[in-house]
Amino acid sequence: MIISVLGTGVVDSNAPIATADDLALTRGEGVFDSTVVYRQVTGPRILHLDWHLARLERSAQGMGIECPSRDAWRRAIDDALDVWHGHNAVIRLILSRGREVVTDDPAQHLAYVLLSDIKGKRAHPAQIRVTQLSIGRPHDAFVDAPWLLGGVKTLSYATNMSAFRYATARGFDDVLFTTTDGYCLEAPRAGLIWAKDGRLGTTSREGTGVLDSMTVRAAVAGAKSEGFEVVDGLLGAEEIFSADGAWLVSVSYGCTPIIEVDGRPLSVHEHLTQRMAVWTKQPYNDDALD
């Protein structure tokens with residue numbers, strides 16, 4: 001593990017970098033983003049870094065935290081990569097509001113890069129079994145409610161991790177969150193893509209609070225480049241069983257097919273699974289964000 005603090009550089013990974021009153025620790029007042037870096041002959045390649053930096057900025061804006069410049073983040077990333085000798089790794093960009101006594105001073109915000117090798121369970125699984133768990137709200141709960149921080153990638157992941165532990169303790173691999181009015185949303189740490197009626201579908205972010213997944217965006221950009229029709233909408237919790245395929249999509253999962261939901265089998269679309277593995281690793285310019 002390598003830690004690179006913005007404005008400081010690489011520090012001892014066992015040394016403390018946060019104070020006891022840091023608001024990320026005491027109240028979850030912070031945001032983060034993450035992607036992967038691949039070791040290549042030509043040097044490290046970071047997957048969709050510009051997209052992730054842009055999402056980090058949007059998350060920080062949603063919480064009213066001043067985000068360091070992209071150049072500052074890039075310098076910290078380069079510092080970490082200079083001493084990294086691994087193969088493939090996860091890069092996390094972490095930004096805290098900072099100390100409770102000086103929260104109005106952006107210079108006191110804690111910002112750092114965490115680089116850790118991908119090992120064991122971090123590798124992309126070949127398939128996944130999920131359980132549907134209610135998120136406890138309707139699909140439009142975030143409409144005109146910015147204080148709920150819909151789509152903001154905050155450090156407050158306790159509910160997400162609790163749901164994940166609940167599912168794995170019962171023999172499932174992960175969770176598919178559903179709404180109280182019967183729609184699928186996303187997983188605790190992954191987006192959702194499905195295939196139905198000759199089209200690909202993604203969960204609408206409008207009012208749902210669903211995170212703007214960069215890996216979903218990459219898959220969508222690749223699909224469109226090959227002539228697939230992609231629709232943004234909502235998939236019913238029961239409707240998923242009549243889909244031609246469904247995938248959890250994230251940096252950690254890549255595009256992993258869901259083969260069962262609560263013990264009931266789902267169709268697996270092998271061709272689309274293979275294409276998505278390619279699409280999600282391709283470089284795209286900012287136009288693909290639209």
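C255 counts as buried at 11% relative accessibility, where buried means under 20% relative accessible area, exposed over 50% and partly exposed in between (1.4 Å probe, protein chains only). The sulfur of C255 is 17 Å from the closest cysteine sulfur, in C184, which is too far for a bond. A search of the whole structure finds 0 disulfides (a disulfide is a pair of cysteine sulfur atoms within 2.5 Å).

This is a predicted model in which local features need pLDDT of at least 70 and side-chain atom pairs count only at pLDDT 80 or more, while totals for chains, interfaces and linings use all residues. Residues are numbered from 1 along each chain as its sequence is written, and side-chain values use heavy atoms, leaving out hydrogens and water.

| Cysteine | Relative accessible area | State |
|---|---|---|
| C67 | 22% | partly exposed |
| C255 | 11% | buried |

Helices (H or I, at least four residues) and strands (E, at least two) are DSSP runs, numbered from the N terminus. An open sheet of 6 strands is ordered β2-β1-β6-β5-β3-β4, with antiparallel pairing; two strands pair if DSSP finds at least two bridges between them. Its edge strands, β2 (9-11) and β4 (43-46), each pair on one side only. Strand β1 (residues 2-5) pairs with β2 over 3 bridges, and S4 stands opposite V10 in β2.

Helix α3 packs on the sheet, touching β1, β2, β3, β4, β5 and β6 (111-117), where contact means heavy atoms within 4.5 Å. In α3, the buried residues include W73, I77 and L81.

Conventions:
Axes fitted to C-alpha atoms, helices over the stretch in contact; angles between N-to-C directions.
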